[in-house]
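Please go through this model with me, one local feature at a time.

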Amino acid sequence: MQFHHHGYVSGDPRVEPAAGVGIDRPAELPDEVDVLIVGTGPAGMLTAAQLAQFPDITTRIIERRPGRLAIGQADGIQARSVETFQAFGFAERITAEAYRITEMAFWKPDPADHSKIVRAARAVDDPAGISEFPHLIVNQARVLDYFAEFMANSPARMRPDYGYEFVGLQVTGEGGYPVEVTLLHTAGPEEGRERVIRAKYVVGADGARSKVRESIGCHLAGDQANHAWGVMDVLAVTDFPDIRTKCAIQSGSGGSILLIPREGGHLFRMYVDLGEVAADDHGAVRKTTIEQIIAKANDILHPYTLDVRNVAWHSVYEVGHRLTDRFDDVLPAERGTRTPRVFITGDACHTHSAKAGQGMNVSMQDGFNIGWKLGHVLEGRSPESLLDTYSAERQVVAKNLIDFDKQWSTLMAKKPEEFEDPAELETFYTSTAEFPAGFMTQYAPSMLVAEPRHQDLATGFPVGKRFKSAPVQRVCDTNPMHLGHHAKADGRWRIYVFADAAPAGAAGPVADFAEWLETASDSPLAATPSNLDRDAWFDVKVIYQQDHTGVDINAVPAVFKPTVGPFQLTYLEKVFGTDPANDIFELRGLNRDGFIVVVRPDQYVANILPLTATAELAAFFAPLVSTQASTNGSTAGLVTHQA
């Protein structure tokens, strides 16, 4: 974490200096905003947290409730999400309070007595080591709390505006704020009164019944629900031996349970199979009482018993898989003629079962994707065409998710005798582990993702997939660390330079590339406004093949040691050596002739190039980075960066 470079910081270094709209931020919702986010769910809060790092952008997030969420429905946190939390500075703290999944048990009917269940198999949660981060269970409300803290501590000092319900919007196309939004006060002295504000952009994160989605003419389409589940968070006394282990339980009676232990040591969640929903049910299954859900759970658990002492929350839902065909307000016939003004995220554009633990996780990646893009466009870093990539990228991800969830939820609803292979459920769970963990997303080539022409230089960093971290040693202080853990969600592009075998400072490809990056007019760094720190838009790091003892930091090119802050201090924490015990070049299949990895602000690999491919790197960034912001007097880059 970098601080003190603007002067001594005596307080919490996570509280960044207020800047831009964060200085004397108005308590009341203004009449005009750059970005209006509707809904304080995971997608909305992550979008807001990302935009809070852009203090010259007026972003407000509204919520119809009068205050914070007390208890949320989602609780599964996949490893990809914990990686994301690391970028927002709270991975360690939320891991400490969460339940950690390391294994899943599979219970099936006893072959000798089908009225009883027995443990049939166990499966390690991450057998392939796809991430150094864990699979967690923690209530959605706590996730939102952490994002709210990050927002409040960011330069824009953002806080949710509670007590506003979205009524409708109209894209007028007029003036600097072309989206007219009607809101309704739901709390306080103005309760019941409508209000109109204007925005440049609107992000709808308002759930499966999204009014923002309706306002832009989008509709969820797909399979109707045909299977019902009762879900309950309870405190109970039981003799079931795996009550603190994630379990898939199939009974001889045909019912099944997905058991999810919760944080805190006592609470657990059960998804209890309520069976097929008749075509003429007309919602009657939703009236299933908590007593009936508990009774059904006891039937499935036989010979074990469940004595529920307290119910924290319960609900009944029907599994449906539905998706919108676009995630913004641009109709297919209009695509290419105008850029979007309204976006939808999360459950507003994709719905599915809860049992794969994907809803909150995929929704947050929606928010991460659109957040930095809005920041770059509004700050003048990038052209408006960047916003077209949001729907193009995320709609494909949601379609893949729904296809996966159909398989998983169908398997969970099967009766034991319907399986051709008795081990089919656990085999599917282990063989597809990378998908629900969040690591199968691979963005297609676009203005943001290059063709993988040089993938052979780094087989462990697939272009279009998230940057998979690995251990390194920081040269200046000899500390071992994970390379990717120092990429804060600050809107910056990352350029990782993996050096050839020559020592630091030697003439050759690294020195030549560093000179070009520092001085060339077509270098992406040349677009950084002159009033900002040199690393305000691009975070450039170098990784040498020697360990830290073999790197002379004084010989390292200056571009890897930028001067920062008003005192122009030399920042030394971007220079790394190889960890002898965990050689990143070996771990990730990296070519020892050296190369460059470009990583997007949302942690996805955008390009891989040889050290000599400066023209290709310049051509990649040319349509993405403009010099407009330098004429706008942007000061966003002057906030404290954590490198």
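Q: On what basis are the values given, and how are residues numbered?
A: This is a predicted model, in which local features need pLDDT of at least 70, side-chain atom pairs count only at pLDDT 80 or more, and totals for chains, interfaces and linings use all residues. Side-chain values use heavy atoms, with hydrogens and water left out, and residues are numbered from 1 along each chain as its sequence is written.

Q: Is Asp34 buried or exposed?
A: Asp34 sits in strand 1 (residues 32–38); strands (E, at least two residues) and helices (H or I, at least four) are DSSP runs numbered from the N terminus. Buried means under 20% relative accessible area, exposed over 50%, and partly exposed in between, with a 1.4 Å probe and protein chains only. At 8% relative accessibility, Asp34 is therefore buried.

Q: Which backbone nitrogen lies 2.7 Å from a polar atom of the Asp34 side chain?
A: A polar contact is a pair of N or O atoms within 3.5 Å; within protein, one must be able to donate a hydrogen and the other to accept it, and residues adjacent in sequence count only if both atoms are side-chain atoms. Contact in general means heavy atoms within 4.5 Å, and beyond its neighbours within four places in sequence Asp34 has contacts that include Asp56, Ile57, Tyr177 and Lys200. The backbone nitrogen at 2.7 Å belongs to Thr58.

Q: How are helix 1 and helix 4 oriented to each other?
A: The axes are lines fitted to C-alpha atoms, for helices over the stretch in contact, with angles from 0 to 180 degrees between N-to-C directions. Those of helix 1 (residues 42–51) and helix 4 (residues 140–153) come within 9 Å and cross at roughly 15°. Angles under 35 degrees count as roughly parallel, over 145 as roughly antiparallel, 65 to 115 as roughly perpendicular and the rest as oblique. Helix 1 and helix 4 are therefore roughly parallel.

Q: How many nonpolar residues are in the contact of helix 1 with helix 4?
A: Helix 1 contributes Pro42, Met45, Leu46, Ala48 and Ala49, which meet Gln140, Leu144, Phe147, Ala148, Phe150 and Met151 of helix 4. Ala, Val, Leu, Ile, Met, Phe, Trp, Tyr, Cys and Pro count as nonpolar, Asp, Glu, Lys and Arg as charged, and the others, Gly among them, as polar. The contact has one polar residue, no charged residue and, as asked, nonpolar residues numbering ten.

Q: Are helix 2 and helix 7 parallel or oblique to each other?
A: The axes of helix 2 (residues 79–87) and helix 7 (residues 359–379) come within 9 Å and cross at roughly 40°. Helix 2 and helix 7 are therefore oblique.

Q: Which residue is 4.9 Å from Ala187, C-alpha to C-alpha?
A: Ala187 lies in the loop between strand 10 (179–185) and strand 11 (194–204), and is partly exposed at 27% relative accessible area. The residue at 4.9 Å is 24 residues away in sequence, and it is Gly163.

Q: Is the peptide bond from His302 to Pro303 cis or trans?
A: Pro303 is placed in the loop between helix 6 (290–301) and strand 17 (306–318). With omega near 20°, the bond from His302 to Pro303 is cis.

Q: What is phi of Asp24?
A: Asp24 belongs to the segment before strand 1 and is exposed, with a relative accessible area of 73%. Asp24 is a residue other than glycine, yet its phi is positive, near 55°.
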